[in-house]
Amino acid sequence: MSSGGIIELPEGYLARLRQMCDDRGMLLILDEAQTGLGRTGTMYAFERDGVAPDILTLSKTLGAGLPVAAVVTSAEIEDRCAERGFLFYTTHASDPLAATVALTVLDVIEREGLVERAAKLGDVLRERLIGLRDDVEVVGDVRGRGLLQGVELVTDKASRTPADALGAKVTAACLERGLHMNIVQLPGMGGIFRIAPPLTISDDELHHGLDILTDSLAASL
């Protein structure tokens, strides 16, 4: 959903995938390194579809800047992996500093209500971005959830041809005005902005950033 251009899975996709895995005796493994821990307005993005994976991987937000990752599974699956001799080695496995940071992050997310805040500010973000899409010919699409949303720039709405050069121009204009924008760096996708502000961003900061984006877009046309 993130680096690929903020492409949302259709509603029901994960539920169907869960069923197909169950029918075949397969494990469902999901990576929520970027979408987990409140980013999409729920603690985990998969919650929207009412499913749970057998194995979940987490990182990024989990460390709040410190490199931390976790593999989450059930005791039953862990025991079966051990019985079959599956091993995983890393120098910093179960590092007490990293574990303490991760636990603190989880405490802060719950204590500060950051999941609910991401959902609330996500609505504000989406409303502003939808306004851009409706008013500006080169804004071809807005997609995403919570505080992980994408804006796709196109040459025009009719052809929806990717506007890579315009994306680079808008990025430079934003930087000149004090806003760093994250462009998806893939061929044919240089006009897709990935917007993922901190979960702790204030209302004023969010609007200020969107004002800069709006002004930079206008100045680049």
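This is a predicted model: local features need pLDDT of at least 70, side-chain atom pairs count only at pLDDT 80 or more; totals for chains, interfaces and linings use all residues.
**Entry 1: two domains**

I started with the spacing: the centres of domain 1 and domain 2, taken over C-alpha atoms, are 28 Å apart. The domain bounds come from an automatic or database domain assignment. Domain 1 covers 13-112, and domain 2 covers 114-219.

Residues are numbered from 1 along each chain as its sequence is written, and side-chain values use heavy atoms, with hydrogens and water left out.

**Entry 2: where the domains meet**

How many residues of domain 1 are in contact with domain 2? I got 14 residues of domain 1 in contact with 13 residues of domain 2; contact means heavy atoms within 4.5 Å.

Next I looked up the buried area, which is the accessible area (1.4 Å probe) that two parts lose on being put together, summed over both. The two domains bury about 1100 Å² between them, and 58% of that is on carbon and sulfur atoms.

I also checked for salt bridges, meaning a side-chain nitrogen of Lys or Arg within 4 Å of a carboxyl oxygen of Asp or Glu. Between domain 1 and domain 2 the count is 0. Polar contacts do turn up: 6 residue pairs across the interface, both residues at pLDDT 80 or more. A polar contact is a pair of N or O atoms within 3.5 Å; within protein, one must be able to donate a hydrogen and the other to accept it, and residues adjacent in sequence count only if both atoms are side-chain atoms.

**Entry 3: the whole chain**

I zoomed out. The C-alpha atoms fill a box of roughly 60 × 40 × 30 Å along the principal axes. The chain has 6 helices and 7 strands. These are DSSP runs numbered from the N terminus: helices are H or I with at least four residues, strands are E with at least two. Along the sequence I read α-β-β-β-α-α-α-β-β-α-β-β-α.

The salt bridge count by the rule comes to 12. I picked out R18 and D22, whose side chains meet at 2.9 Å, N to O. Why these two? They are separated by about one helical turn because they sit 4 residues apart in helix α1 (residues 13-24).

**Entry 4: the sheet of 3 strands**

This one is open, ordered β1-β2-β3, with mixed pairing. Two strands pair if DSSP finds at least two bridges between them. β1 (29-31) and β3 (70-73) are the edge strands, each pairing on one side only. From one strand to the next the twist averages 20°.

Do β1 and β2 run parallel or antiparallel? They run parallel, and 3 bridges join β1 to β2 (residues 55-58). I29 has I55 as its bridge partner in β2, and L30 has L56.

Last, I followed β5 (residues 148-153) to β7 (residues 192-195): 4 bridges join them, running antiparallel.

Terms used: Axes are lines fitted to C-alpha atoms, for helices over the stretch in contact, and angles run from 0 to 180 degrees between N-to-C directions.
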